[in-house]
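Please look over the sequence and the structure shown here. The report that follows takes up a surface patch, the overall fold, salt bridges and a cavity.

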Amino acid sequence: MGLRNSHPKLYPGDILEFPGNSYFSHFAVYYGERDGVPYVAHLTMRDSDTKLLLFGRAINASVKLDPIDVVGKKYKVRNYLDDKHPPRDFYVLIKPEIDDIMTKPITFDILFNNSEHQATMLRYGVKKSEQIEKVYSKIVPTWKDLFEKKKI
């Protein structure tokens, strides 16, 4: 059985998580099929200045539509806020927002505007990044300790 068959049925507006390195995954919103090819909308830094990534920011990021397979072969549906926030209507709100946002440059910021923030904003109208919150919960206490000990 191929990997493709193990993927769940996708509905436009679903958030997909593509596993990345040990810290960060990449997130996208399922957009639907064009000519039988499934597409996702995602915040990407493909055309931006990579030097800025040292600081966790990229000025010329953008939301692009790409075939799922271009973004990644492995993914899972991660509509993890559905119990807290009702998903917005794909055709009335999400799709027009994606179509509009694709024409604008966006600043990618790993802490405040990453692909997960973008995906939750599109699906729920709420910016959230669980992966950054996890990192924060580890980093902030350390910083706080150092700060209190006057090391920073």
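Tyr136 lies in helix 5 (residues 130-148), where helices (H or I, at least four residues) and strands (E, at least two) are DSSP runs numbered from the N terminus. This is a predicted model, in which local features need pLDDT of at least 70 and side-chain atom pairs count only at pLDDT 80 or more, while totals for chains, interfaces and linings use all residues. Residues are numbered from 1 along each chain as its sequence is written, and side-chain values use heavy atoms, with hydrogens and water left out.

With a relative accessibility of 35%, Tyr136 counts as partly exposed, the class between buried (under 20% relative accessible area) and exposed (over 50%), with a 1.4 Å probe and protein chains only. Together with Leu111 and Phe112, Tyr136 makes a nonpolar surface patch of about 280 Å²; patches take residues with over 30% relative accessible area and no salt bridge, nonpolar side chains (Val, Leu, Ile, Met, Phe, Trp, Tyr) being joined within 5 Å and like charges within 9 Å.

## Overall fold

The protein has five helices and six strands, which run α-β-β-β-β-α-β-α-β-α-α from the N terminus on. Of its 152 residues, 39% count as buried.

## Salt bridges

The whole structure holds eight salt bridges, each a side-chain nitrogen of Lys or Arg within 4 Å of a carboxyl oxygen of Asp or Glu. One of them joins Asp82 and Arg123, at 3.0 Å from N to O. Because Asp82 lies in the loop between strand 5 (76-77) and helix 3 (90-101) and Arg123 in helix 4, this pair ties together parts that are 41 residues apart in sequence.

Within helix 3, Asp99 and Lys95 are four residues apart, so about one helical turn separates them, and the closest N and O atoms of their salt bridge are 3.2 Å apart.

## The cavity

There is one cavity of 30 Å³ or more, a cavity being a set of points on a 1 Å grid over the protein atoms alone where a 1.4 Å probe fits but cannot get out, with lining residues having an atom within 4 Å of a point. The largest cavity holds about 30 Å³ of space, and helix 4 gives the most to its lining, with four residues. Residues lining the largest cavity include Phe27, His42, Val63 and Gln118.

Definitions and conventions: Areas by Shrake-Rupley, 256 points an atom, 1.4 Å probe, with all protein chains shown as cover. 1 Å grid on protein atoms, 1.4 Å probe; cavity = no way out; pocket = protein on both sides within 12 Å on 5 of 7 lines; lining within 4 Å. Points joined across faces, edges and corners; volume = space filled by probe spheres on them.
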